[in-house]
Amino acid sequence: MSNLDIGALNRAANEARGLAIDAIAKCKSGHMGLPLGAAEIGAVLFGGALKISPAHPKWINRDRFVLSAGHGSMFSYAWLHLAGFGISMDDLKAFRSRGSITPGHPEFGETPGIEATTGPLGQGIGNIVGMSLASKMAAARFNTAEHKIFDNMIVGLCGDGCLQEGISYEAAAFAGRFGLDNLVLFYDSNGITLDAAADKTQAEDTLHRFQAAGWDVWEIAEGNNISEIARCYEAAKFNKNARPKLIICKTVIGKGVPEVAGTTKAHGESGAKFADAAHENLGLPQERFFVSAETREYFAKLSAAREENFREWQKTYDAWKIANPELAATLERGIAGDHGDAESLLAEIPEYGANSNATRVSGEIALNVLAKKDPLLVAGAADLFSSVKTYIKDGGDFDVDTPAGRNIFYGIREQAMVAITNGISYFGIFKPMASTFLTFVGYALGSVRVSALAKLPVYFVLTHDSVAVGEDGPTHQPVELVSTLRCIPNLDVMRPGDSEETAAAYAYAVARKDGPVALCLSRQGVPAQESIPASVRRAGTLRGAYVAIRETAPLVRIIIASGSELQLAVAAAGKLGAGTRVVSMPSMEVFDKQPAKYREEVLPAACTKRVAIEAGISAMWWKYVGSAGKVVATDTFGFSAPGNVVLEAMGISVENLVAVCKSL
């Protein structure tokens, strides 16, 4: 860093500003405030400070950079282009157009060098905390005295909006408590939000707020001073004192476009109409999407140096693999996201036999069997390990002095917990899980939605899943949240009905590679459905739904049940006669992915007398019962009383189910 070419980086910063102005002007949409105001931060990071290899964008020991203020996406695209990642000038010209790899907000998996899907403000801060935790965990698990293969930094850039969102301080408090000193967060402190100057809505002292949370903080009065940015970053990077780092840069939003700079108009695309004057003001030619030969040459030389750095690391990695073949096999399996297929994982879990376990208890057994086989499974809970039953026994606790621990205590921070879990997944080695009561996933829905959007293979264990929670009352009885989760695209929701279904749900969740899974589990005990072979329950759950009780006479009616209501459907079928079929449907999403032939076998279209039962709202069930059917559900909030009393009052009972079936 001491040998930085300040002149070259200042030139590159202005050319990055020009790229942002031109892309936003071309599509008449976007946010130019941050790309212009924070350009020098980008120059320091992408112009030398970050340990990256554009030729190897997935290098496991790369530094990660996340733009939490994702609306400023042209910042990332411009710098990734200049640094030599696979973003062409045509990609910049296609900014915000359909099918481009330069969408309005950064999307993980779409663009080389983009480490996280950001846009909802503050999410990126949670993500970098998760990445830094995963990096600590990886170093503790895989580094040896002879070979250090993990020593990377995690870097983020946020704005006022990110820090106003409550998730940011949840994540910051966690990072401070757990000593994540491989994390550096830049704060683009320009004093402007969308509607007004930031002081209209905030008055806190950010410096002392973060210090109180256990962070080291630097403040740069001239936030566009490359030398100062570099000096502070170097100090932050090498000060390993179990404290994360915040660098506050006092910048000018929209710097380079005097007509809007320092005002709310600079936040969006208002400055684009001044593109000609901005080029002149920045010392750029009127040519659009201009990058000088000198800047190209600077980054070409830098790329060569970065490639040499990568090759030196590769030599260390190759030697480490030879010396540690078992560790290497585990690591490479994690990088590939290979935690086994669902059928094989399920075969590892012994059958439960007769029991009346709550499905959360059955889940604890399944989790610990799978965790014993796979050291890359890690668990987290929002101060509820003892209740949700997700603690990995003998796995140790992640902490400052025990970074190899597999159990993460998040405290009462549900939204940050999920964003941090997403960050662990983005890092790309571990299979993380987050857990809490289902009713509190409402706090975390923004983060869960990003999990699904980014196709992250995380999973959530959400217990106390219905009004059967009982005495705690309606604040803790999640009547609507199973269906709320089912509304999120690419999130597979599983609500198993007994221990064998729970085992299959866990196996499915651990095995899934292309998106998240939510396991909704009961607080109360549920009887094992021993009249149905365990193999049928297990295999059927992996397909989302199956025939649990088959009719022994011409088919008259079908009862569809989910979760703890499966026992009621089975009991009702015994009272309704031989023409009744019971279908267990632990997962609508998984069932809907099955071939049409299988779905017809389970729910034959010819049978229109159908009743669904679930201790939750009815809305999602009508597509399975049709206009001729009925749903036994709880479309109101509950009340405080023993769980069986609440269920009975709401008609979630064998007697009412039988009556409804007969009324068709």
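This is a predicted model: local features need pLDDT of at least 70, side-chain atom pairs count only at pLDDT 80 or more; totals for chains, interfaces and linings use all residues.

Me: How far apart are the end C-alpha atoms of helix α1 (residues 6-27), and what span should we expect?
Reply: Helix α1 has 22 residues, and at 1.5 Å a residue it should span 32 Å.

Me: How many of the 11 residues of helix α3 (residues 39-49) are buried?
Reply: Among the buried residues of α3 are I41, V44, L45 and F46. Helix α3 is largely enclosed by the rest of the structure, because the buried residues number 10 of the 11.

Me: Is K389 buried, partly exposed or exposed?
Reply: K389 sits in the loop between α16 (385-388) and β7 (407-409). Its phi is positive, near 65°, in a residue other than glycine. Buried would need a value under 20% and exposed one over 50%. The relative accessibility of K389 is 22%, so K389 counts as partly exposed.

Me: And K455: buried or exposed?
Reply: You'll find K455 in the loop between α18 (445-453) and β9 (459-463). K455 is a residue other than glycine, yet its phi is positive, near 60°. Its relative accessibility is 52%, so K455 counts as exposed.

How values were computed. Residues are numbered from 1 along each chain as its sequence is written. Side-chain values use heavy atoms; hydrogens and water are left out. Buried means under 20% relative accessible area, exposed over 50%, partly exposed in between (1.4 Å probe, protein chains only). Helices (H or I, at least four residues) and strands (E, at least two) are DSSP runs, numbered from the N terminus. The expected span of a helix is 1.5 Å times one less than its number of residues.
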